[in-house]
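I opened a new notebook page for this one.

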Amino acid sequence: MQIETSRFGTLELGEDVFIEFPWGIPGFGNLKRYVLLEHRNGPFQWLQAVDDPEVAFVVCAPDVLGYRYAIPSEKGEPIDLVQPDDLGILIMVCFDRENRSLRPHLRGPLLLNASNRKAYQWAIDTPELEQVLESVEKP
């Protein structure tokens with residue numbers, strides 16, 4: 001299938017690489033299908049919307065920025081997670097070019113089930129964040 005993107009031009013991708021967000025991503029509820037694209041062979045990726053060429057988010061694994069989540073098992077239920085090893089976690093990242101810094105969105109990790117390619121954004125309340133997020137040394 002061909003998808004149009006504003007950053008990468010036209011891409012030919014199989015639907016088997018699509019990630020389905022059944023409820024969309026907050027603020028983008030009408031967009032349900034995304035694909036992960038590499039970014040310069042580094043630790044960051046683009047989460048590109050399949051159905052809107054203008055919508056893409058920079059994401060990375062939390063450990064890239066020195067964080068780890070303890071995901072309660074019930075958080076896997078919305079994406080039909082059976083095997084804990086199938087859980088992937090990504091965080092959205094904003095780059096501030098002027099200050100040459102980045103800001104991770106730690107209160108909204110993306111939880112992905114690798115076996116069925118379903119995902120959603122988990123909105124974490126401030127009191128809960130202290131229980132599920134810890135700082136670790138960067139790899």
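Which residues of strand 5 lie on one side, which on the other, and are they buried or exposed? I looked up both faces, and both are covered. Phe44, Trp46 and Gln48 sit on one side, Gln45, Leu47 and Ala49 on the other, and all are buried. Buried means under 20% relative accessible area, exposed over 50%, and partly exposed in between, with a 1.4 Å probe and protein chains only. In a regular strand, side chains alternate between the two faces of the sheet.

**Ground rules.** I am reading a predicted model, where local features need pLDDT of at least 70, side-chain atom pairs count only at pLDDT 80 or more, and totals for chains, interfaces and linings use all residues. Residues are numbered from 1 along each chain as its sequence is written, and side-chain values use heavy atoms, with hydrogens and water left out. Helices (H or I, at least four residues) and strands (E, at least two) are DSSP runs, numbered from the N terminus.

**Strand 5 and its partners.** I noted that 6 of the 6 residues of strand 5 are buried, so the strand is largely enclosed by the rest of the structure. Strand 4 pairs with strand 5 in the antiparallel sense over 5 bridges. Two strands pair if DSSP finds at least two bridges between them. I found Val35 opposite Gln48. The two strands form a hairpin with 5 residues between them, and Arg40 in the turn has a positive phi of about 55°. Strand 6 also runs antiparallel to strand 5, joined by 5 bridges. Here Phe44 stands opposite Cys60.

**Two glutamines.** Why does Gln48 count as buried? Its relative accessibility is 0%, so it qualifies. Its side chain reaches the backbone oxygen of Asp52 at 3.4 Å. Gln45 also counts as buried, because its relative accessibility is 17%. I found a polar contact of 3.1 Å between the side chains of Gln45 and Glu38. A polar contact is a pair of N or O atoms within 3.5 Å; within protein, one must be able to donate a hydrogen and the other to accept it, and residues adjacent in sequence count only if both atoms are side-chain atoms.
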